[in-house]
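Thank you for letting me take a few minutes this morning.

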Amino acid sequence: MTALAVVLIRLINVWRCYKVGAETVEALRDVSLEIAKGEYVAIMGPSGSGKSTLMNVIGCLDTPTSGIYELDGVNVTEMDDDQLAEVRNRRIGFVFQTFNLLPRATALRNVELPLIYAGVPAGARRERARRALEQVGLSHRARHLPNEMSGGERQRVAIARALVNNPSILLADEPTGNLDSKTGSEIMALFDRLAEQGNTIIVVTHEEDVAKHARRIIRLRDGRIAADERRPVAGSGTVGSAARSAAG
Amino acid sequence: MRFVAEIFEGLAIALDAIRVHKLRAALTTLGVIIGVLTVTLMSAAINGIKTSFSENVMALGADTLYVSRMDWFIGSPDEWIKQSRRPRITLEQIRQLERLLPPQQFCIPYAEGTQPVKFKTRTAEAVEVVGTTDKFILATSARVAQGRFLTPAESDGARPVCVIGANVAANLFEGEPALGSRIWVGRNTFEVVGVFEKQGEAIPQAALDDAVVIPVGQFITQFRREPDFTVLVKTGDPGRLGEAREELRGAMRRVRRLPPDAEDDFAINSQESYLDLFNRVGGRIAAAGLFVTGLALFVGGIGIMNIMFVTVAERTYEIGLRKAVGARQRAILVQFLIEAACIALIGGVIALLLAWPGTWLLQLLVPAAMSVPTMLLALAVSLLTGLVAGFVPAWRAAKMKPVEALRHE
């Protein structure tokens with residue numbers, strides 16, 4: 001990271017514990033992490049490693065049990081539900097494994113959704129949603145319902161929805177998990193392009209092929225960061241060396 | 001601006017949800033329809049009866065006071081016994097009373113008894129026979145349909161004439177011309193000089209449909225020498241009824257020669273006592289009726305609450321998604337409240353459409369009347385039912401944690 005990089009996400013000694021019956025599950029244990037603006041990060045780990053919990057905390061869907069989370073210099077740890085909703089609305093764009101489009105709303109209306117909760121007037125809303133669909137190459141599908149579109153198209157609508165509010169972070173949870181490999185790589189190519197345009201992107205995945213697209217891979221194990229690897233910007237085929245450095 | 005957008009979004013979602021689950025919405029709506037329909041018809045019936053009663057009572061004459069031995073409505077048996085011991089009001093006292101009253105006021109003696117009435121072979125047992133004067137026609141809502149009413153000369157005179165009620169005429173004459181015929185009233189014959197219009201039955205005491213009206217002089221000589229008279233006092237101004245009543249009371253005390261410390265030994269009644277009684281009894285009946293019909297509405301409300309819980313549970317994931325993209329608690333609350341309100345309001349509108357013909361049917365039994373305030377009230381009640389019933393489910397949805405909601409696939 002260069003000295004000029006602006007820290008966007010800063011986690012300091014974050015714990016996240018759940019009570020499951022009588023037991024307490026520690027999903028995140030003392031995680032400290034910084035992600036700068038414009039980074040393209042993959043969070044990896046086997047299931048149960050805490051990667052989903054970490055994504056939820058970063059995405060302000062969940063709050064740490066202890067520790068501090070600063071998003072763009074603002075401590076979000078102590079915010080109430082509505083303030084967090086506001087932060088999610090303005091700063092975070094989510095892309096889910098199962099796309100999560102409203103089934104009876106057109107692509108355009110799905111993309112508009114965050115703007116409705118931001119209180120953007122109807123005209124401006126439609127215009128911005130249209131531009132976001134253009135960005136993902138789906139302007140021609142604006143009037144279609146999700147079930148009239150392919151999986152890849154649906155995921156692109158979801159990405160457009162995540163982009164529409166010009167968020168600080170694009171958070172994708174297994175974005176290719178429900179797609180065939182060809183469509184999956186198309187989606188990852190789209191993420192790559194968005195990263196080149198300067199968007200901060202965090203992808204949670206358990207697939208090395210997907211993580212490979214990122215410039216930095218954070219590996220979790222048992223709720224702790226097991227490795228934090230950076231790869232050269234132009235790089236390809238350096239996965240091996242990164243893995244070695246994690247091992248060493 | 002944001003709130004407006006949220007409301008439009010809520011409305012769009014609600015209509016969409018109702019469209020998708022048509023059967024479910026219809027069944028839920030049915031409960032509200034039945035509830036609102038019963039409440040609306042009940043209010044229509046209550047309103048109608050009240051209006052019709054008031055009109056009928058007013059027909060008695062808003063400016064007329066009724067002096068009689070006893071109160072029309074007596075609260076207790078003891079009081080009744082006490083009042084029944086009072087001396088009768090005589091014709092002589094009525095004449096004195098009229099002299100004491102202001103000149104524009106006049107007194108009408110009124111006595112009644114029961115006699116068999118006969119024409120040819122047709123007999124009516126126990127017909128109400130009223131003895132009064134020519135001025136009686138000014139203090140009643142009854143109108144003469146054929147012939148005429150009594151003349152001043154006939155009032156005290158000895159000429160046996162009568163004016164008969166519509167039912168009496170129908171029963172005795174069965175279509176034969178009544179005017180000019182002589183009928184037997186008790187042991188004497190009377191010439192029919194007039195027939196009243198049919199009045200209806202709202203207050204039987206006030207209707208003359210089953211009565212035969214004869215001159216008071218005839219009543220005294222033929223039937224009862226000292227009847228228990230009621231005096232109808234036409235005061236001329238409904239706005240001054242209270243003062244007129246006090247003046248009348250003073251005059252009547254003088255006529256009855258009551259010492260200053262004695263209680264009144266007569267009663268001054270007015271149509272207001274009918275209205276008082278009606279408002280007292282009718283108010284309770286209305287409250288009980290609305291409570292019972294309100295139960296139907298309550299059941300309808302429970303139906304909405306139930307279906308909203310189901311809806312919230314089914315759409316947990318959607319709630320999670322909306323929260324993830326920035327919907328605040330209020331937005332989710334509003335969304336589900338609107339949905340509940342829409343279901344209830346649709347029910348309310350349908351209920352009103354049914355209440356229209358329903359009121360016609362109801363009018364076969366009671367003089368029901370549907371009014372604009374009743375309709376607005378019905379809509380307001382259905383809306384309120386939706387909001388109240390939807391609140392707990394909507395609140396539950398609004399309070400969901402986004403992570404947990406999203407896990408709910």
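Let me begin with a term: a nonpolar core is a set of buried Ala, Val, Leu, Ile, Met, Phe, Trp, Tyr and Cys residues joined through C-beta atoms within 7 Å. Buried here means that 20 or more other C-beta atoms lie within 10 Å of the residue's own, while 12 or fewer makes a residue exposed and anything in between partly exposed, with the C-beta atoms placed from the backbone. What we are looking at is a predicted model, in which local features need pLDDT of at least 70 and side-chain atom pairs count only at pLDDT 80 or more, whereas totals for chains, interfaces and linings use all residues. Residues are numbered from 1 along each chain as its sequence is written, and chains are lettered from A and ligands numbered from 1 in the order in which they are written.

Now to the core itself. Which residues touch the most other members of the largest nonpolar core? Among its 125 residues, they are A:Ile43, A:Ala160 and B:Ala340. A second, separate core has 55 residues, including B:Phe119, B:Phe190, B:Phe196 and B:Leu208. As a general point, nonpolar side chains in soluble globular proteins tend to be buried together.

Turning to chain A, we find 8 helices and 10 strands, and buried residues make up 48% of its 248 residues. Along its principal axes, the C-alpha trace of chain A spans about 50 × 45 × 40 Å.

Why do I call helix H3 of chain A, residues 107–118, largely enclosed by the rest of the structure? The reason is that 11 of its 12 residues are buried, among them A:Arg109, A:Glu112 and A:Tyr117. These buried residues pack against H2, H4 and H5 of chain A, together with H1 and H11 of chain B. Just after H3(A), A:Gly119 takes a positive phi of about 80 degrees.

Finally, the two chains meet: 18 residues of chain B are in contact with 20 residues of chain A, where contact means that the C-beta atoms, placed from the backbone, lie within 7 Å. On the side of chain B that touches chain A, H1(B) gives the most, with 5 residues.

Notes:
Helices (H or I, at least four residues) and strands (E, at least two) are DSSP runs, numbered from the N terminus.
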